[in-house]
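Open the model in your viewer and get ready to select parts by chain and residue number. The stops below follow one interface.

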Amino acid sequence: MSKPAKTLKFEQAVEKLEKLVQKLEDGNMPLDESLTAFEEGMELTRFCEDKLNEAEGKVEMILKQVKGKTKKITDVANIGHGDDDL
Amino acid sequence: MTIAQPDTITDIRKIYRVSEVTKDIRTLLEDNFASIWITGEVSNFKRAVSGHCYFTLKDESSNLAAVMFRQQSQRLKFAIEDGMEIIVHGRISVFESRGQYQIIVDAAEPKGIGALQLAFEQLKKKLAVEGLFDPAHKKLLPFLPQKIGLVTSSKGAAVHDMVTVLTRRFPNIHILIYPVKVQGEGSAVEIARAIVELNTDPGIDLLIVGRGGGSLEDLWAFNEEVVVRAIFNSALPIISAVGHETDFTLADFVADVRAPTPSVAAELAVPVMDELLQTIAAQRSGLHFATRQRLQSLREKIGFYKKSIKSPRQILEDWVLRVDEQADRLNLFAKRLFVEKKLALKGLRKTLLALSPFALLQRGYSVVTREGSLQPIRSVDEVKTGENLSVRLHEGMLKVKVN
């Protein structure tokens with residue numbers, strides 16, 4: 001079990017990671033378990049960082065006149081101030 | 001127009017037909033009470049199938065029939081109920097076929113409390129009884145939403161604040177704004193429709209519904225039943241953000257989470273990405289450190305055991321040493337024993353020699369035996385005359401005969 005499941009949620013992965021590190025810190029793991037735990041932990045950190053960077057990062061507004069179309073807002077700082085009333 | 005008087009001079013009486021006098025009365029009343037405000041208590045309220053409302057306004061001593069036609073009654077924000085004190089505006093007229101005068105109401109307000117306020121409380125009670133505000137129905141917000149839908153005006157501080165706070169906390173966030181009218185005619189329907197449509201977008205996992213501050217009238221759309229039900233029926237969790245901290249609309253009661261302002265709504269919607277990255281980095285450091293520690297401690301343990309474990313050569317050498325040591329002791333002991341025994345032997349010899357008869361001989365005594373025998377003769381009775389005897393001296397032996 002080295003790759004986290006795709007369906008694993010971010011907050012669950014963080015929890016798993018914390019538990020793993022805690023177990024390692026408790027210091028009673030046998031050698032091969034320690035190494036497996038380390039590997040799994042690293043996989044989880046990568047998974048978490050990927051999840052955070054996954055989202056597309058855009059702001060769009062629905063165009064009411066045209067069904068199903070949206071318009072991308074480029075000037076986010078001035079949103080609400082201009083004439084965006086569609 | 002003047003009411004016809006009987007013509008006393010000519011003695012010709014004007015005799016009215018019922019409809020005639022009724023019509024005159026109607027005209028009289030309509031002319032004099034064309035626009036009047038009346039306050040009273042409602043009783044016998046009935047809404048007909050047609051939509052027209054019939055009731056009686058009364059006070060301590062009088063009753064007045066009232067009717068409010070469908071078109072006007074539909075505009076009422078609150079519901080007229082028996083026992084309610086209201087203020088109505090209308091015109092007095094006569095229902096000719098029944099011979100009844102009545103007020104035709106075109107506007108009504110609750111007395112002592114705003115119409116909107118009353119409507120708010122009536123609807124709140126009704127929906128509360130249905131369980132729409134039950135905490136059991138509230139959904140949890142997703143920890144890390146992928147795409148957030150915003151139902152709000154495309155203009156104004158609310159949308160600006162929400163987008164600003166959301167993108168600041170989580171730069172990657174995907175936001176879809178569904179612009180709506182947030183007050184005025186048709187706004188409630190638009191808001192409800194926006195919620196329903198955004199629910200059909202499979203990528204969205206959270207909605208924020210709200211607007212900036214305003215009066216009770218301005219915020220009224222968020223108290224309308226159609227909006228409240230749309231929020232309740234939404235499969236997506238909804239954060240309500242209507243007005244200021246002190247504004248509470250029914251949308252706020254039914255939403256999964258109520259935010260006091262649009263900015264707070266954005267804070268509740270997403271975590272801060274930087275903080276999350278820091279947490280992960282900290283966990284990664286912890287992982288490295290703990291693993292290193294563990295390996296180090298295992299290594300030390302191995303080293304310790306290594307020191308305590310001897311090689312076969314080492315073991316052998318140990319045994320050799322032990323054996324040698326014992327051999328030495330044994331040797332020493334044997335030597336000592338030997339010397340002891342030797343000494344003892346010497347002693348015994350000396351004693352033996354002292355006890356030996358030959359020592360006596362040395363002193364001048366002799367031993368008399370029969371010839372060829374070693375048995376010493378001790379008494380004269382033992383010998384006969386003429387017997388041959390041997391006399392042993394210290395040096396030499398004599399052969400003798402007994403006299």
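A salt bridge here is a side-chain nitrogen of Lys or Arg within 4 Å of a carboxyl oxygen of Asp or Glu. This is a predicted model, in which local features need pLDDT of at least 70 and side-chain atom pairs count only at pLDDT 80 or more, while totals for chains, interfaces and linings use all residues. Residues are numbered from 1 along each chain as its sequence is written, chains are lettered from A and ligands numbered from 1 in the order in which they are written, and side-chain values use heavy atoms, with hydrogens and water left out.

Select Arg284(B) and Glu49(A): their side chains form a salt bridge, at 3.1 Å from N to O. The rule finds one salt bridge across the interface of chain B and chain A.

Now select helix H4 (157–169), strand S7 (174–179), helix H5 (187–198) and helix H9 (273–308) of chain B; each supplies at least two residues of the side that touches chain A. Helices (H or I, at least four residues) and strands (E, at least two) are DSSP runs, numbered from the N terminus. H9(B) gives the most to this side, with 15 residues.

Next, show S7(B) with strand S1 (residues 59–62) of chain A: the two pair in the parallel sense over three bridges, where pairing requires that DSSP finds at least two bridges between strands. Val59(A) stands opposite Ile175(B) in S7(B).

Finally, select the whole contact (heavy atoms within 4.5 Å): 39 residues come from chain B and 43 residues from chain A.
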